[in-house]
Amino acid sequence: MADKVSHDIVEKWLKAWSLSRQLPLPVRYKSGFKVEVGEEKQKIRYIFSELNDDFIELSKQIDEHWIYLKVCASPDEVKNKVPDQWVIQPPGYMMSCFGPMKVKVANLCKGYRIESEKYNSTTVIKIIAENDELACVGRVVMVDDLAVYDRIITEEKHQRKGLGTFLMQELEKVAVSKGISNNFLVATEVGRSLYQSMGWELYSPYTSIVIPKI
């Protein structure tokens with residue numbers, strides 16, 4: 001895990017996150033960043049590379065539903081620093097792989113095919129089943145010297161067939177073709193073990209809080 005989270009890496013990751021979703025690019029907000037998401041249950045997100053006074057003060061100023069505050073810190077660090085109305089979300093894990101992934105060459109399972117498309121700095125790779133059902137999908141976004149992997153999903157009925165590993169391998173090829181070997185993503189608890197098996201390491205815990213509408 002990083003001794004100190006790089007503000008620069010967080011900014012690049014967030015820019016990639018926005019590009020992947022075709023949202024407005026992040027703007028600076030004090031020591032952090034702000035993205036206008038515009039969704040019903042995620043209006044805005046504020047992201048900070050460290051738990052500091054700017055984050056804590058903002059949590060005291062906001063009383064509106066569905067505005068997310070996110071920070072590179074553990075839930076235990078956050079929970080006693082913000083007002084009680086904020087609800088801590090399931091933990092996230094910023095992960096890095098600064099070099100080739102450690103994965104045996106995976107072949108695509110019989111009965112599946114791959115498709116790809118591109119927009120802005122994003123490449124989308126899809127794995128499609130024989131019945132034309134989407135089985136697995138993911139994106140890689142290039143921002144300067146960083147390849148950011150985003151929205152990696154394997155549908156439940158298609159899991160345990162090596163599709164996720166194959167997908168990551170194909171996304172990495174895109175990054176390597178651009179001369180980029182610095183890889184970054186934010187994982188859920190479920191995804192974390194898959195990435196660790198491929199040589200990814202925990203970069204920082206990542207905690208999100210929101211005031212939900214009950």
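Mentor: I47 has K70 in β4 as its bridge partner. This is a predicted model, in which local features need pLDDT of at least 70, side-chain atom pairs count only at pLDDT 80 or more, and totals for chains, interfaces and linings use all residues. Residues are numbered from 1 along each chain as its sequence is written, and side-chain values use heavy atoms, with hydrogens and water left out.

Trainee: What makes β3 and β4 a pair?

Mentor: Two strands pair if DSSP finds at least two bridges between them. Strand β3 (residues 42–48) and β4 are joined by 5 bridges and run parallel, so they meet that definition.

Trainee: Why is β4 called largely enclosed?

Mentor: Buried means under 20% relative accessible area, exposed over 50%, and partly exposed in between (1.4 Å probe, protein chains only). In strand β4 (residues 67–71), 5 of the 5 residues are buried, so the rest of the structure largely encloses this strand. I67, L69 and V71 are buried on one side, and Y68 and K70 on the other.

Trainee: Why is K81 called partly exposed?

Mentor: K81 has a relative accessible area of 43%, so it is partly exposed, because that class lies between 20% and 50%.

Trainee: How do you know that E36 and K34 make a polar contact?

Mentor: A polar contact is a pair of N or O atoms within 3.5 Å; within protein, one must be able to donate a hydrogen and the other to accept it, and residues adjacent in sequence count only if both atoms are side-chain atoms. The side chains of E36 and K34 are joined at 3.4 Å.

Terms used. Helix = DSSP H or I, 4+ residues; strand = E, 2+ residues; numbered from the N terminus.
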